[in-house]
Amino acid sequence: MDLFSLAGKRALITGSTRGLGHAIALEMARAGATVVISSEVPDDCAQVAAAFGAQGLSALAIPCDVSDDDALDNLAAAVENHLGGVDILVCNAGLNLHHGPSATTPDTAYDRVMAINLRSVFRLCNHVVPAMAARGDGAVILMSSLSGLRGNRSLGVYSMTKAALAQMARNMAVEYGPGNVRVNAISPGLIDTDLSAVFKADPARFERRMAQTPLRRMGTPREVAGTAVYLASAAGAFVTGHNLVVDGGTLITD
């Protein structure tokens, strides 16, 4: 048995038309899973699913704006109707709308970041995970962040949501462990995606960050995706309630 195989598994990945979500969906599909591609733009979902299909991979497009409670309810129902359920849930959809002091965060930005990064995850998990436990098997991965593990002067609300996701993973691991459902978080450091543009646009800041990172480089989306495949597969079958940091060593540097 291949420890990293996901053959026969059904995986729902939110925010999976680009960035980390896209990379996770691609590597899970390559590992044998049928993946549900989901984001708020229907055309993007359809294009990514078609591109996967052209590679001989199994993918289904189900669009969803995770900030809309009804849309989340419909996503869970659609996956159940089309695939008969979910074996792997990756809650990746997220955003940051404010860089700067917490006191200058607009209320609208606070509300939207909380709704997408945290409330949507809580609601979707409550739809999907009990059925996993009833079947006696499942893996859930919540995308946290290195920013949720350290103090931050410019990512206040975003880092709060990411810290909360790591705690949600611990809570759910305790709650659903008896049903053989494993729940973990991944905390990426600086990864080469659109979200890192603010660092790359400031050479001095970027150089300081690289000097604080033992591997002296940004990570790649595929490296985070490999971590997700591990946590979802038999290789990670005895890992639950963990927040796995994928940051090139930034957190432990001197």
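Guide: On a 1 Å grid over the protein atoms alone, a pocket is an open set of points with protein on both sides within 12 Å along at least five of seven lines, a cavity is a set where a 1.4 Å probe fits but cannot get out, and lining residues have an atom within 4 Å of a point. This is a predicted model, in which local features need pLDDT of at least 70 and side-chain atom pairs count only at pLDDT 80 or more, while totals for chains, interfaces and linings use all residues. Residues are numbered from 1 along each chain as its sequence is written, and side-chain values use heavy atoms, with hydrogens and water left out.

Visitor: How much space lies in the second largest pocket?
Guide: The lining of the second largest pocket is made up of 17 residues, and K9, D137, R182, A232 and A234 are the ones closest to its centre. Its volume, the space filled by probe spheres set on grid points joined across faces, edges and corners, is about 220 Å³.

Visitor: Which two helices give two or more residues each to the lining of the largest cavity?
Guide: The count of cavities of 30 Å³ or more comes to two, and the largest of them has a volume of about 60 Å³. Its lining holds 15 residues, with N96, H98, T105, V157 and Y158 nearest the centre. The elements that each supply two or more of these lining residues, where a helix is a DSSP run of H or I with at least four residues, are helix 4 (107-135) and helix 5.

Visitor: Which helix gives the most residues to the lining of the second largest cavity?
Guide: The second largest cavity has a volume of about 40 Å³, and its lining consists of T14, V66, C91, N92, A93, I116, S120, V121 and L124. Four residues of this lining come from the element that contributes the most, which is helix 4.

Visitor: In what order do the seven strands stand in the open sheet?
Guide: A strand is a DSSP run of E with at least two residues, numbered from the N terminus, and two strands pair if DSSP finds at least two bridges between them. Strand 3 (59-61) and strand 7 (243-246) each have a single partner strand, so one side of each is left without a neighbour and both stand at the edges. The pairing in this open sheet is parallel, and the seven strands follow one another in the order 3-2-1-4-5-6-7.

Visitor: Which residue of strand 4 is the bridge partner of L12?
Guide: Strand 1 (residues 10-14) runs parallel to strand 4, and three bridges join the two. In strand 4, the residue that partners L12 is L89.

Visitor: Which residue of strand 7 stands opposite I186?
Guide: Strand 7 is one of the two edge strands, and strand 6 (residues 181-188) pairs with it in the parallel sense over four bridges. Opposite I186, the residue found in strand 7 is L244.
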